[in-house]
Amino acid sequence: MRSGSGTERVLRAALAATERRGAQTRLLAGPDLDLPMYAPQSGERTGAAGALVDWIGRADGVIVASPAYHGGVFGLVKNVLDYVEDLRDAKRPYLDGRAVGCIACAGGWQAAVATLTGLRSIAHALRGWPTPLGVALNTSEAVFGPDGALVDAAALGQFEVLADQVVSFARRQAGGPADRHNDRLPHARNLCPTAGTHPPVPSRQRSRHDPRDQRP
């Protein structure tokens, strides 16, 4: 809830990576998450809750960042994700057809990894497509500079890959190949395996000594 929290700064860095790829972003953090406990049986929603659900429903991709609290997803973040239930009857129900980048922050690797696993499971249950890369960040290490900005080179590099995956998936879902935006997606080539230079050999024609059979 604290403005400028470590998790918010991490999320801003991830969103900035998507913006460099041409995405328009909306940050929901701090007071935006201060919602009543989700009550599915009640049709009453606060203005903040209605706005949040509307923004998520309009999004082509979502990045969720959560601090770890006692080894799991922060309760307020989970509550926000529970509000996605209000999209069950939408044209795109829940998070269907959307890539979901997941980021977990904790003061240790064990809690960070456990929270990341939880976020990915929730995204999958909401019919979203968790990106191949999820980012676990150990904030007990020197990841922030004196001005509070994220300076960890490994984490920043991971956010570039995560941004590629969210943005390129959104573009594919919109009906266009992601590689036509390679000027904005410098890492897009890393998302798919490179095609081999040799044509495939039908299995019945391969000898037992075919070197391609020995590849992992």
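How many salt bridges does the count come to? The count comes to nine salt bridges, where a salt bridge is a side-chain nitrogen of Lys or Arg within 4 Å of a carboxyl oxygen of Asp or Glu.

1. Before you dig in, know that this is a predicted model, in which local features need pLDDT of at least 70 and side-chain atom pairs count only at pLDDT 80 or more, while totals for chains, interfaces and linings use all residues. Residues are numbered from 1 along each chain as its sequence is written, and side-chain values use heavy atoms, with hydrogens and water left out.

2. Start with Arg-21 and Asp-164, whose side chains meet in a salt bridge at 2.4 Å, N to O. This pair links distant parts of the chain, 143 residues apart: Arg-21 is in the loop between helix H1 (6-19) and helix H2 (47-58), and Asp-164 is in helix H5 (residues 153-173). Helices here are DSSP runs of H or I with at least four residues, strands are runs of E with at least two, and both are numbered from the N terminus. Both Arg-21 and Asp-164 are buried (under 20% relative accessible area; exposed is over 50% and partly exposed is in between, with a 1.4 Å probe and protein chains only). They also belong to a network of salt bridges with Arg-20 and Glu-160.

3. Next, look at Arg-92 and Asp-60, which form a salt bridge at 3.8 Å, N to O. Arg-92 sits in the loop between helix H3 (75-82) and S3, and Asp-60 in the loop between H2 and S1, so the pair ties together parts 32 residues apart in sequence. Arg-92 is partly exposed at 29% relative accessible area, and Asp-60 is partly exposed at 48%.

4. Lys-78 is partly exposed at 33%, as is Asp-82 at 29%.

5. Now for strand S3 (residues 99-106), where eight of eight residues are buried. Ala-99, Gly-101, Ile-103 and Cys-105 point one way, and Val-100, Cys-102, Ala-104 and Ala-106 point the other. In a regular strand, side chains alternate between the two faces of the sheet.

6. Who pairs with S3? Strands pair if DSSP finds at least two bridges between them. S1 (residues 61-69) runs parallel to S3 with seven bridges, and Ala-65 has Ile-103 as its bridge partner. S5 (residues 135-138) is parallel to S3 too, with four bridges, and Ala-104 partners Ala-136.
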